[in-house]
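Me: I'm new to reading protein models. Could you help me see how the labels follow from the values?

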Amino acid sequence: MANVSDLLRDDLINLNMAAGDKVKALEELADLISEKEKISDREKFIKSIMAREGLESTGIGRGVAIPHARTDTVERTVIALGRSREGVDFASLDGKPAHLIFLIVSPERDKSLYIKTLARISRLVRRDEFRRDLLRANSKEEVIALVRRNEEELAGPSSNGGVSRTI
């Protein structure tokens, strides 16, 4: 299985989101994915994301939201990351706007990878320094390097000759 840093590509990162509200932010990230990935039905794709968000807010607090959905409109698990300087109201538990928005979409058949990816991102964003560094990053390449470095730090030494664990 892949690390978050393997799933997050530079062409799926938007460091300057324009959206000012949750619906527009989700559409902006969904559009980014649909421009770069094969989506069988764009309307159904966006409806899946919105339906999941309607169940319970994915604003986890600390300036982070992790909207996610399983939908057979995508062929593989994909992560898009948006950064909003102004912040977007995701009805987070702490009442603060989300500045970092990780959108995860996955086909129905990839439930295990989907859940592990969601858990790994949740674990990464608990790190105060990681969130601060992402907010300060000047390039998409820097974002991916930060994700990779933090994944390696979280994985720590392993029993497989020092090779990091993957999700």
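Me: Why is Val 125 called buried?

Reply: Keep in mind that this is a predicted model. Val 125 has a relative accessible area of 3%, and buried means under 20%, so Val 125 counts as buried. This residue lies in helix α4, residues 111-125.

Me: Which residues is Val 125 in contact with, leaving aside its neighbours within four places in sequence?

Reply: They are Ile 60, Val 64, Ile 66, Phe 102, Phe 130 and Arg 131. Take Ile 60: it sits 65 residues from Val 125 along the chain, and the two C-alpha atoms are separated by 9.6 Å.

Me: What makes Ser 5 count as buried or exposed?

Reply: Its relative accessibility is 5%; the cut-off for buried is under 20%, so Ser 5 is buried. Ser 5 belongs to helix α1, residues 4-7.

Me: What makes the link between the side chains of Ser 5 and Glu 151 a polar contact?

Reply: The distance is 2.6 Å, and the limit for such a pair of N or O atoms is within 3.5 Å. Glu 151 is also one of the residues in contact with Ser 5, along with Ile 144, Val 147 and Arg 148.

Me: How do you know how α5 runs relative to α6?

Reply: Helix α5 (residues 128-136) and helix α6 (residues 140-155) pack at about 170°, with axes 10 Å apart. Angles over 145 degrees count as roughly antiparallel, so α5 is roughly antiparallel to α6. Among the residues making this contact are Phe 130 and Leu 134 of α5 and Val 143 and Leu 146 of α6. The contact residues divide into five nonpolar, one polar and three charged.

Note on methods. Residues are numbered from 1 along each chain as its sequence is written. This is a predicted model: local features need pLDDT of at least 70, side-chain atom pairs count only at pLDDT 80 or more; totals for chains, interfaces and linings use all residues. Side-chain values use heavy atoms; hydrogens and water are left out. Helices (H or I, at least four residues) and strands (E, at least two) are DSSP runs, numbered from the N terminus. Buried means under 20% relative accessible area, exposed over 50%, partly exposed in between (1.4 Å probe, protein chains only). Contact means heavy atoms within 4.5 Å. A polar contact is a pair of N or O atoms within 3.5 Å; within protein, one must be able to donate a hydrogen and the other to accept it, and residues adjacent in sequence count only if both atoms are side-chain atoms. Axes are lines fitted to C-alpha atoms, for helices over the stretch in contact, and angles run from 0 to 180 degrees between N-to-C directions. Angles under 35 degrees count as roughly parallel, over 145 as roughly antiparallel, 65 to 115 as roughly perpendicular and the rest as oblique. Ala, Val, Leu, Ile, Met, Phe, Trp, Tyr, Cys and Pro count as nonpolar, Asp, Glu, Lys and Arg as charged, and the others, Gly among them, as polar.
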